[in-house]
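The sequence and the structure come first.

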Amino acid sequence: MNTLDFTYQARPGRIVFGAGSLRHLERELINLNAERALVICSAEQRATGADIAGRLGARAAGLFDRAMMHVPLELVREARSVATASKADCVIVVGGGSAMGLGKAIALESTMPILAVPTTYAGSEMTPIFGITEAGLKRTGTDLRVLPKCVIYDPLLTTTLPVGLSVTSGINAIAHAAEGLYAQDANPVTSLMAEEGIASLARAIPKLVSTPDDIEFRSLALYGAWLCGSVLGSVGMSLHHKLCHTLGGSFDLPHAQTHTIVLPHALAYNRVAAPEAMKRIARAVDASDAALGVYELARQTGAPMSLKEIGMRAQDVDRAAEITCASPYWNPRPIETSAIRALIWNAFEGAPPCA
Ligand code: NAD
């Protein structure tokens, strides 16, 4: 056994979890000492946003229902002025990572706390990381003001998540925990959360395909997503996240699908350099090899398997490798340009991860 030697940074935040837990919304708002909340959601989720505003009654300061991917600065400015004009003292965000991103951008320049109601498995609600896109460039940063003070996880709100997105969003969450297990600043607490998070999602994801309305498995998936998001919010990410940020940011590939396709290949790249983490990931997905186990989970649940089928062009592979290698994140195995190029080609073609 290795000698224990670690730093663990706990993140503040209150979690309210359970089917129907949205009924605690007003109680949680009062607990934050808030009187009027602005509700943020995307256009597709207007009905859920309106339902939340309706539940708040006089405590609703308004509904801003135009959150969109990549958090464009113009939209942030508009949402910030709506928040100020509405005299809101709290932001309630309902939705996936895109809606959460807009709520975070508002909180960044105000003293308003965020109460988050996540409806995908992306995990942004558990991190102090924000991103705002200006003139095509996404500026990211870390600030504790954007970390939600309270998160209500209600699995009932996730039953409308389409099956395809349920699978890829779930594997997106697994990616946070997998990289958390071999992070430079990994520690026993986040590693426990990571393994439990991966195991919960790996059990739940096939059931989300066969019985998408099953609340037991929707709960298990959301529980896993919470754990994986906590890992993302606590320790550093490596090659896999760098690849996905590059592919999403520079080539506009869809977030959860890109994570799903790249993860087995990133794990194969790090297989020899991070044997203990690989053992735990493999155990959590109930396979003998971490990379192959995640690949099979995706394949058997009908996820897209190649970058070309989600819109990447062959002529962009070399450029993606260059960008990834130009400013890499710390990674257990050193970044070698030719091996990264080969990795991206494999993911482009949808080939199984290297043995
Ligand atoms: P998303 O928020 O863009 O949602 C995808 C689609 O699903 C949207 O059309 C949304 O309206 C819809 N949707 C969400 N919940 C639904 C539900 N319950 N039923 C039906 N439709 C629903 O995608 P995402 O994968 O949740 O988030 C991705 C974004 O979040 C990326 O931009 C990523 O960079 C960001 N992100 C940030 C962090 C962070 O720590 N800052 C962490 C993870 C992801």
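In this predicted model, helix α5 comprises the 19 residues 163–181, and at 1.5 Å a residue these should span 27 Å, which agrees with the 27 Å that separates its end C-alpha atoms. Of the 19 residues of α5, 16 are buried, so the helix is largely enclosed by the rest of the structure.

Turning to the ligand, 21 residues surround it, and the closest are Ser 98, Thr 119, Thr 120, Thr 127 and Thr 160. Helix α4, which runs over residues 97–108, contributes the largest share of this shell, with 3 residues. Polar side-chain atoms of Ser 42, Glu 44 and Ser 124 lie at the distances from ligand atoms listed here.

| Residue | Ligand atom | Distance |
|---|---|---|
| Ser 42 | oxygen | 2.9 Å |
| Glu 44 | oxygen | 3.1 Å |
| Ser 124 | nitrogen | 3.5 Å |

On its own the ligand has 860 Å² of accessible area, and the protein covers 82% of that area.

On the surface, a nonpolar patch is formed by Leu 4, Phe 6 and Tyr 8, which together have about 320 Å² of accessible area. Phe 6, one of the members of this patch, is placed in the segment before strand β1, whose residues are 14–17. With a relative accessible area of 42%, Phe 6 counts as partly exposed, because that class lies between the limits of 20% for buried and 50% for exposed residues.

Conventions:
Residues numbered from 1 in each chain as written. Predicted model: local features only at pLDDT ≥ 70, side-chain atom pairs only at ≥ 80, totals over all residues. Heavy atoms only, no water. Helix = DSSP H or I, 4+ residues; strand = E, 2+ residues; numbered from the N terminus. Expected span 1.5 Å × (residues − 1). Buried < 20%, exposed > 50% of the residue type's maximum accessible area, 1.4 Å probe, protein only. Patch = residues over 30% accessible without salt bridge, like charges linked within 9 Å, V, L, I, M, F, W, Y side chains within 5 Å. Areas by Shrake-Rupley, 256 points an atom, 1.4 Å probe, with all protein chains shown as cover. Salt bridge = Lys/Arg side-chain N within 4 Å of Asp/Glu carboxyl O. Near = heavy atom within 4 Å. Polar contact = N/O pair within 3.5 Å; in protein donor to acceptor, adjacent residues only side chain to side chain.
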